[in-house]
Amino acid sequence: MTPAPVIPIEDFFKSPVATGGSISPDGTEIAYLAPEQGRMNVWIRGVGADDAVCVTHDHHRDVHSYHWTDNPRWLLYTQDGDGDENWHIFRVDLENPDAPAVDLTPFPGVRTLDFWLPGGLPGTVVAVLNRRRFDLFDVHRIDIASGEVTTLAENPGHIGDWLCGRNGELFATVIPTTGGHEIHAWNPDTGTSRLITAYDGADLPMGLTPTDVTPDGTGIWIGSNRDSDLIRLVRLDVATGKETVVDSHPEYELDTRGRVHSMFPSPLILSERTGEILAVRYLGARQVIHALDPHFAEVHEQLARLSDGDLAFVSSDRSERRWVVSFTHDTDPGVTYYYDHETGESRELFRPYPHLDPAALAEKRPVAFTARDGLRVHGYLTLPIGVEPTQLPLVLHVHGGPWFRDGYGYEPRVQLLANRGYAVLQINMRGSSGYGTAFTRASMHEFAGRMHDDLIDGVDWAVKQGYADPDRVGIFGGSYGGYSALVAITFTPDVFAASVDMCGISNLANFMRTLPGFARTQIGNNWYTYVGNPDIPEEEADMLARSPITKVDQVRTPLMVIQGSNDVRVVQDESDLMVEAVRARGVEVEYLVKADEGHRFQNPENLIDVYRAMERFLARHLGGAL
């Protein structure tokens, strides 16, 4: 067996040469993200042309999201300030692409929670902003050409988020203090809302996904698990509150990951022309697509022939003839194609990472095992190429959330570890999304309990299967995964030889008290329900008993901590106090803080720096390659 060549760490974390492709509504141009002066910006070229023009010029921080408008002159993109998550909407003049972008939400400290470009309101953005009060989000209409802002609806105080229909119809989501999810209709004449229906919050800890208003405004497409263990697609009648099942899968839930992170597509593929549903996405070990529209079924059959990956982002012109699509793949990620359904023409537009040889990258394999209490748990195992898969150093890579899940696809840090000779195990422990209501509820009050047991049982499985050397097991994760990395060395220190925590929680009570307002809207349904309320003394005591900061006297495992100074979700104090306490015990701690990052690191130079440090740290303690 011949090991894969060592791939430079820069090759995993440098910016893609191109990504995020989409076609203009009139089908004449293609937009995509590519570097300008070291930062990702929006570029545009003609469908049949090779020459491209950069139309945004943000040289401080990557642009990740942009939107065509109904006017071919204007394009919109979003940007925050060094990871502070105060998102602003910027307008670009495609007739003068060198002109400075115009901030359509030029309000200091204000966050755009959501926005839409309603098909029935040409030239308009409908945006949800906390302009009036930091803790309340109102709805505003913004004229794209002039920048004029008009308030459409003032939040009476109980509304967590808003929904907007194709013709500007407004609906609201409300989360009562006792938990749950309510859908309300908004009356613009009276400035009041009317309850349509309510859902159990514990069944949906991250909220309802999707929540798309039907084109005629009489219904809302919702991901619901009412009367079902699995989340399926229903149509909610806004007049009667009755649900009608639109589509479901016998084994899998809707793929709801897009609610947590914009790098994942919506579970619904909608028509650019009509707003109707073309297809629905479900997620098992791989994606399953149900095409509901006959024309798209034909298109999808042809698109599926372009790649053996999973269909990712989809865009079309208004005629639904011309398409630009990308694919999720574990070893050849993000390859993007142009397809003309009328002529049958297809061609590759770009590979985001042409410097990476798919043959040198490791396959992500689905695995499953039975936890100690009999629960079936799923995950993924990535093994190094060209190495006998026995007695390997293993890194347990834990996802964030925890109401999220790992899935099929390329992950640079997983590939880095595999390339350095580690087996990488990713476990969707109880509480992870996508496995049904009972699986979610099995995590209730099990932080540092059975949720962590699932991780340990996964490690035991890998050892018994012969993949892992039990003396060379490390753990790494961010956010909730960082909390797990800290729990690992405080609750089960004998299992792990090294731990890497990225923006992880050390004190559950302090974490909840310092959450920003925009991140607190779901707190009654997730953190309060599944962990506890720090304002209730007996619940705070239980939370502290499950917090790594109170178990520091157990730490003897080398620790690396990575933190963004601008993290508003898990504040730097969570890391500072843990590092100080562990160092006071004389245990090795390597601490990296980046002043220009938030909860999700994104600047390539920072990613390269922290993962190079992690590479050295793990090699020192687990024996992987450098």
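The structure is a predicted model, in which local features need pLDDT of at least 70 and side-chain atom pairs count only at pLDDT 80 or more, while totals for chains, interfaces and linings use all residues. Residues are numbered from 1 along each chain as its sequence is written, and side-chain values use heavy atoms, with hydrogens and water left out.

**The chain as a whole**

- The secondary structure comes to 11 helices and 36 strands, where helices (H or I, at least four residues) and strands (E, at least two) are DSSP runs numbered from the N terminus.
- The chain has 626 residues and a radius of gyration of 24 Å, which agrees with the value near 25 Å that a compact globule would have; this radius is taken over C-alpha atoms, and the globule rule is 2.2 Å times the number of residues to the power 0.38.
- Along its principal axes, the C-alpha trace spans about 60 × 55 × 45 Å.
- Of the 626 residues, 58% count as buried, a word that means under 20% relative accessible area, whereas exposed means over 50% and partly exposed covers what lies in between (1.4 Å probe, protein chains only).
- Among contacts with a separation of 6 or more, 55% are made by residues 24 or more positions apart, and contact here means heavy atoms within 4.5 Å.

**Surface, charge and cysteines**

- The chain exposes about 23,700 Å², and carbon and sulfur atoms supply 48% of it; accessible areas come from the Shrake-Rupley method with a 1.4 Å probe, and for residues only the protein chains shown count as cover.
- There are 53 positive and 88 negative side chains, and the centres of the two sets lie 2 Å apart.
- In that count Lys and Arg are positive and Asp and Glu are negative, while His and the chain ends are not counted; the place of a charge is taken as NZ of Lys, CZ of Arg, CG of Asp or CD of Glu.
- A search of the whole structure finds 0 disulfides, a disulfide being a pair of cysteine sulfur atoms within 2.5 Å.
- Cys 164 counts as buried because its relative accessibility is 8%, and Cys 503 is buried with a relative accessible area of 1%.

- Helix 3, which covers residues 412-419, is mostly covered, since 6 of its 8 residues are buried.
- The buried residues of helix 3 are Val 414, Gln 415, Leu 416, Leu 417, Ala 418 and Asn 419.
- These buried residues pack against helix 1 (9-13), strand 30 (376-382), strand 31 (392-398), strand 32 (423-428) and helix 11 (604-622).
- After helix 3 comes Gly 421, whose phi is positive, near 100°.
- Ala 360, in the loop between strand 28 (346-350) and strand 29 (364-370), touches Asn 419 as well as Ala 4, Ile 7 and Ile 385, not counting residues up to four places away in sequence.

- Most residues other than glycine have a negative phi, and most peptide bonds are trans.
- The peptide bond from Thr 209 to Pro 210 is cis, with omega near 0°, and Pro 210 lies in the loop between strand 16 (192-199) and strand 17 (211-213).
- The peptide bond from Gly 401 to Pro 402 is also cis, with omega near 5°, and Pro 402 is found in the loop between strand 31 and helix 3.
- Glu 320, in the loop between strand 25 (310-316) and strand 26 (322-328), has a positive phi near 60° and is buried, with a relative accessible area of 4%.

**The loop between strand 6 and strand 7**

- Glu 85 lies in this loop, has a positive phi near 65°, and counts as buried at 9% relative accessibility.
- Leaving aside neighbours within four places in sequence, Glu 85 is in contact with Asp 80, Arg 111, Phe 518, Val 568, Arg 569 and His 599.
- Asn 86 is found in the loop between strand 6 (74-79) and strand 7 (88-93), and it counts as buried at 18% relative accessibility.
- With neighbours within four places in sequence again left aside, the contacts of Asn 86 are Gln 79, Asp 80, Gly 81, Gly 109, Val 110 and Arg 111.
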